[in-house]
Amino acid sequence: MMQRSCLPVPSGVPVLAVLLLPGLVTGVELAINNRSENQTLPTTPGHEVSLWCTVQNSSRAEELRWYRGDRAVEMKDGNKMNSSNICIVPVSETDNGVSFTCKLVRDEAVQISVILDVQFPPLLSGEDPPPAEEKSDVTLTCKVNSNPQARVVWYKENSSLTLVKARYQIYQTSEIIQLTIKKVQKSDNGTYTCEATSALGMDMKTFHLIVEDKKPVFPLEAVIAAIVVVLLTIIFGILARREKIFKCFKKTKEQPSGTSL
């Protein structure tokens, strides 16, 4: 998306008039496309939108400045005085809700705005969740981009999902809808579909859920390995000291068993 001036606009007022008629801002108004109030402009992606800002009730040359949101739009010198024009080419989904404001340079309190209402069918996106262990909670996040807002329904294996409160939880904003499955079971394995429908169309996004066996809190392999290491350490320790142990045993055996009188 880009903004450009569609046509160069002459100032229409001699510089001398600007010097002789300083005038006051009071009473000066602005209009966009011949409308003097803030407005919402419906449009669709791919189209071109042309916005004309003109000064009304002023006897002097007035410089204008355009803003997209909070950022000033660069304008050519011949497209600033008394009348100024910008074009949004082409309009895209990301322009939805964006404001374009025309302001009087010498008093920016004098301004007028247009908000783009870009209407388009649902566009869905999202990623598969990582494999989940049994008894854990899993959340499927479906990102929804739509204007007007779409109605969203979840399916499992192409059948409508019955949202039992004890098992499922839905969280929804204007941009995402999340399906949380509580304490998943092996039977929850499968394909889940997020379907969004509006007056302009429909879109679907598929998610694949894999449920794995719950892993033991202490990995069995690690416990066995630790036991083997301990046993080997004890055995090697005994072998290293075997000669000393045998000598001690032999010496004890050779001592007399009694005393003479």
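## Overall picture

Of the 261 residues in the chain, 31% are buried, where buried means under 20% relative accessible area, exposed over 50% and partly exposed in between, using a 1.4 Å probe on protein chains only. This is a predicted model, so local features need pLDDT of at least 70 and side-chain atom pairs count only at pLDDT 80 or more, while totals for chains, interfaces and linings use all residues. Residues are numbered from 1 along each chain as its sequence is written, and side-chain values use heavy atoms, with hydrogens and water left out.

The secondary structure comes to three helices and 19 strands. Both are DSSP runs numbered from the N terminus: helices are H or I with at least four residues, strands are E with at least two. As for contacts (heavy atoms within 4.5 Å), take those in the chain with a separation of 6 or more: residues 24 or more positions apart account for 67% of them.

## The β10-β12-β16-β15 sheet

Let's start with an open sheet of four strands, in the order β10-β12-β16-β15, with antiparallel pairing. Two strands count as paired if DSSP finds at least two bridges between them. At the edges stand β10 (120–125) and β15 (168–172), each with a single partner strand, so one side of each has no neighbour in the sheet. From one strand to the next, the twist averages 20°; the axes behind that are lines fitted to C-alpha atoms (for helices, over the stretch in contact), with angles running from 0 to 180 degrees between N-to-C directions.

Five bridges hold up the antiparallel pairing of β15 and β16. Here Gln169 sits opposite Thr180 in β16.

Phe207 belongs to strand β18 (residues 201–209). Is this residue buried or exposed? Phe207 is buried, with a relative accessible area of 0%. Neighbours within four places in sequence aside, the contacts of Phe207 include Trp154, Leu140, Cys142, Gly190, Thr191 and Cys194. Tyr192 is also one of the contacts: Phe207 and Tyr192 are 15 residues apart in sequence, and their C-alpha atoms are 5.1 Å apart in space.

## Around β5 and β8

Strand β5 (residues 64–68) has partners to look at in both β8 and β6. With β8 (residues 99–104), β5 runs antiparallel and is joined by five bridges; Trp66 has Cys102 as its bridge partner in β8. With β6 (residues 71–72), the pairing is antiparallel over two bridges, and Arg68 stands opposite Arg71. The β5 and β6 hairpin has two residues between the strands, and there Gly69 takes a positive phi near 65°.

Over in β8 we find Lys103. Setting aside neighbours within four places in sequence, Lys103 is in contact with Leu30, Glu63, Leu64, Arg65, Tyr67, Glu108, Val110 and Gln111.

## Pocket and cavity

Rolling a probe the size of a water molecule over the atoms shows where empty space is left. On a 1 Å grid over the protein atoms alone, a cavity is a set of points where a 1.4 Å probe fits but cannot get out, and a pocket is an open set with protein on both sides within 12 Å along at least five of seven lines; lining residues have an atom within 4 Å of a point. Points are joined across faces, edges and corners, and a volume is the space filled by probe spheres set on the points.

The largest pocket has a volume of about 190 Å³. Its lining includes Glu93, Asn96, Phe120 and Lys143, and β12 gives the largest share, four residues. By class, that lining has three nonpolar, five polar and three charged residues. (Ala, Val, Leu, Ile, Met, Phe, Trp, Tyr, Cys and Pro count as nonpolar, Asp, Glu, Lys and Arg as charged, and the others, Gly among them, as polar.)

One cavity of 30 Å³ or more turns up, and the largest cavity holds about 60 Å³ of space. β12 (138–147) and β16 (176–181) each supply at least two residues of its lining. Val144, Ser146, Gln149, Ser174, Glu175 and Ile176 are among the residues lining the largest cavity, and they are also among those lining the largest pocket.
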